[in-house]
Amino acid sequence: MTPVEFRRHLHAYPELSFGEEQTARFIAEQLTALGIEHRSIARTGVLARIVGGGDTRRAVVLRADIDALPIHEAVDVTWRSRNEGVMHACGHDVHAAVLFGVLKRLKEEGGFDGTVFGLFQPGEECVPGGASLVLAEKPFEGYDVIAMIGEHVEPRLEVGTFGFRAGKYMASNDELHITVHGKGGHAAMREQIKDPVTAAADMTLQLTAMNSADSVVSIGRFIADGATNVIPDTVAMQGTMRTFDESLREQIKRNIHEAAAATGTKYGVTIDADIRRGYPCVVNNPQLTATARTLAAGNYRTVELPLRTTAEDFGFYCSVYPSLFYRLGTGGTGATHTPLFNPDERAIGYGIEFMNKLTRTILENGKEKREDNIR
Ligand SMILES: [Zn+2]
Ligand SMILES: [Zn+2]
């Protein structure tokens, strides 16, 4: 099966986060057909392994996510989604096809030292993120993981273009669930109430004042379900908090809790700020980024990526291993997370060629360094 056929199969049978059962079975079958060893991971993921020569404890992990989104596909192609209301609208089918193609080439061509893991990871789109489940299983224990590599499609970049950014790249995302408990009553008798609506409004202004170049705090849901003459007992607010720096992330959380306590005192209400942990920041290792950029620059168009306030569960790996997350230009039509997203499949070939070369280069570089240490 070619990588494009592999992608079209996944695209036709998309599955939602943590429900990738047929997807995992299909991937496992295809790996078996290539003679590549693999096992199940994080319940609906697949972990492939190809052992090369030399010091096989040195490992590179290539990660592709495999989940789809609850979107009704509107693209008219023969491989359109057969699973009603579910669509590979974030290009994870392309990521998986590129990884499949790279593993196929590494297996067939060999000629590398170390171990390459191919991680087909479930549940990228939903908290707690498949990456956190993968790490909880400690699948790389006993290995020296010298690089964790991931890519993502980018329809705004033409096919044959790769995007890189060293250091901070994508944001952490935490969910805000804030409830203001006051004392409702007749809206005309203010002396008898502890007004949660005013307190919540004040709290919203304080939260949005926390926005900066390095952080986002937004409230997108605000439910004060009273009436013209009724003040409700409670107000519920929900929002998102994003940063590019883990220490800033902790600082903003403290600021939110302090604002909740002070505002509660000011209005005589109680404010519960439940901050639900999302994904960590994606921070790219500078050396790996430089290696990848140099390699790509000789063969393809490359661009410097801007900071993104979107999040990726790849951030979990960044806090554990030297990691690199880059963008694969897929051109085509439509934006990701929309029913019309339709990447140009020629990108798959570019993605395979580059990831294959990058993997081999990283394993070679790592080897030199190790030999230097021995000398
Ligand atoms: Zn997505
Ligand atoms: Zn995605």
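These are my notebook entries on one predicted model.

**Ground rules.** I worked with a predicted model, in which local features need pLDDT of at least 70 and side-chain atom pairs count only at pLDDT 80 or more, while totals for chains, interfaces and linings use all residues. Residues are numbered from 1 along each chain as its sequence is written, and chains are lettered from A and ligands numbered from 1 in the order in which they are written.

**Overall.** I looked up the extent of the chain first. Its C-alpha atoms fill a box of roughly 80 × 55 × 35 Å along the principal axes. I found nine helices and 16 strands; helices (H or I, at least four residues) and strands (E, at least two) are DSSP runs, numbered from the N terminus. Of the 375 residues, 48% are buried. A residue is buried if 20 or more other C-beta atoms lie within 10 Å of its own, exposed if 12 or fewer, and partly exposed in between, with C-beta atoms placed from the backbone.

**Domains.** I noted domain 1 as 3-170 + 281-374 and domain 2 as 172-279; the bounds come from an automatic or database domain assignment. Their centres, taken over C-alpha atoms, are 38 Å apart. Where they touch, domain 1 gives 11 residues and domain 2 gives 10 residues. Here two residues are in contact if their C-beta atoms, placed from the backbone, lie within 7 Å.

**The sheet E10-E12-E8-E13.** I traced an open sheet of four strands in this order, with antiparallel pairing. Two strands pair if DSSP finds at least two bridges between them. Strands E10 (215-223) and E13 (270-279) are at the edges with a single partner strand each, so one side of each has no neighbour in the sheet. On average, neighbouring strands are turned by 20° against each other, direction ignored. Axes are lines fitted to C-alpha atoms, for helices over the stretch in contact, and angles run from 0 to 180 degrees between N-to-C directions. Helix H6 (residues 246-267) packs on the sheet and touches E8, E10, E12 and E13; its direction makes about 165° with that of E13. Between E8 (residues 172-181) and E12 (residues 234-243) I found 10 bridges. Leu176 has Gly239 in E12 as its bridge partner.

**A hairpin.** Strands E1 (residues 37-41) and E2 (residues 45-51) run antiparallel and are joined by five bridges. Arg39 stands opposite Leu47 in E2. Three residues lie between the two strands, and Ala42 in the turn has a positive phi of about 50°.

**Cores.** A nonpolar core is a set of buried Ala, Val, Leu, Ile, Met, Phe, Trp, Tyr and Cys residues joined through C-beta atoms within 7 Å. The largest has 72 residues, and Ala96 is one of those with the most contacts inside it. Leaving aside neighbours within four places in sequence, Ala96 is in contact with Leu10, Ile27, Ala64, Ile66 and Phe120. Another core, of 21 residues, lies apart and includes Ile178 and Val217.

Pro128 sits between strand E4 (115-121) and helix H4 (130-136), and the peptide bond from Val127 to Pro128 is cis, with omega near 15°. Lys138 lies between H4 and strand E5 (144-154); its phi is positive, near 45°. Is Lys138 buried or exposed? Lys138 counts as exposed because it has 8 C-beta neighbours inside 10 Å. His337, between strand E16 (323-329) and helix H9 (346-374), has a positive phi of about 65°. With 14 C-beta neighbours inside 10 Å, His337 counts as partly exposed.
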